[in-house]
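Subject: Structure for your review

Dear colleague,

Please find the structure below, together with its sequence.

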Amino acid sequence: MKRKKTRIKIVICLMLFILFVLIWAFFIEPNLLIVKRITINDSDLQGIRVAYLSDLHLYKGSKNYYLNLVKKVNNEKPDIILLGGDYVVIKLFKHQSMNLKEITDILEKLKANYGVYMIMGNHEAFGNILKKIHNHLKGSNIKILQNTSTKLKIKNKNIYLVGIGDYASHKDRIDLAFREAKKPIIAFTHSPDIFPQIPDYVNITFAGHTHGGQVYLPLYGPVTSPRHLLGLYIKGLYTNGNKKMYVSSGIGSTHLKVRLFNLPEILIVDFK
């Protein structure tokens, strides 16, 4: 009888634990938000602060969440803000995106000392979203860098900022993106799988797309991914010779609005 009661208690505890994990993964963690601050050594970029936001996936009905995100980013006082793609989300179950005007109205509230810059992700590859976003952002503080570059003077440093189209949806043009760029270079894109093609002279590349796997179990790694099959680059800092790339686990989620051990993050990078 005691053994039977013990087994029942174990089963009940296990069921309660599973229930807690499911509630946390579906209803709590996706709605949390951390500011992840890292430091990267690079004397060319010393003293510059960058905010990188990827995979925002602005769900309808989540306006307050994203306004809070904007407030957190602006409080960090970044020199530049880089938006790494995937602002909309493919409709699934009851979830759907805000309309493009709502999305751009929120993004326009982001403030940085030397500007806010944007590239597109794979979710913007459908229809004519790029052109529509461009029309909504006319006259705003956000500049779209799609396979092109711009020269900035930040704290008496001449920096080239390069935006690369999404590799996963075949929108990348490395030749065009870096045509006029010279060191030091900060590059940003959506899919990290393009990293081997990035020129060796680029100081740093930022990417997203993977959501860090969305569900990331300790000692095991990513269990699921918004693109089903994860490549070599999941999240964190990667090096290849002199090249560096940081992959953010991003803000939002797709397919299933779920995250586990993989908090939505605002990435703040200080160079020293």
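Arg37, Arg49, Glu76 and Asp270 are joined in a network of salt bridges. Please note that the model is predicted. Across the whole structure, the search finds 8 salt bridges. Side chains of opposite charge can pair when their charged atoms come close.

One of the salt bridges joins Glu265 and Lys36, whose closest N and O atoms are 3.8 Å apart. Glu265 belongs to strand S14 (residues 265-271) and Lys36 to strand S1 (residues 34-40), so this pair ties together parts that are 229 residues apart in sequence. Glu265 is buried because its relative accessibility, 4%, is under 20%. Lys36, at 31% relative accessibility, counts as partly exposed.

Another salt bridge is formed by Asp105 and Lys101, with the closest N and O atoms 2.9 Å apart. Both residues lie in helix H3 (residues 100-107), 4 residues apart, which is about one turn of the helix. Asp105 is partly exposed at 31%, and Lys101 is partly exposed at 47%.

Turning to the sheet, 6 strands form an open arrangement in the order S6-S7-S8-S9-S13-S12, with mixed pairing. Strands S6 (148-154) and S12 (236-240) stand at the edges with a single partner strand each, so one side of each has no neighbour in the sheet. From one strand to the next, the twist averages 20°. Within this sheet, strand S7 (residues 157-163) pairs with strand S8 (residues 185-188) in the parallel sense over 4 bridges, and Gly163 stands opposite Phe188 in S8.

Yours sincerely

Terms used. Residues are numbered from 1 along each chain as its sequence is written. This is a predicted model: local features need pLDDT of at least 70, side-chain atom pairs count only at pLDDT 80 or more; totals for chains, interfaces and linings use all residues. Side-chain values use heavy atoms; hydrogens and water are left out. Two strands pair if DSSP finds at least two bridges between them. Helices (H or I, at least four residues) and strands (E, at least two) are DSSP runs, numbered from the N terminus. Axes are lines fitted to C-alpha atoms, for helices over the stretch in contact, and angles run from 0 to 180 degrees between N-to-C directions. A salt bridge is a side-chain nitrogen of Lys or Arg within 4 Å of a carboxyl oxygen of Asp or Glu. Buried means under 20% relative accessible area, exposed over 50%, partly exposed in between (1.4 Å probe, protein chains only).
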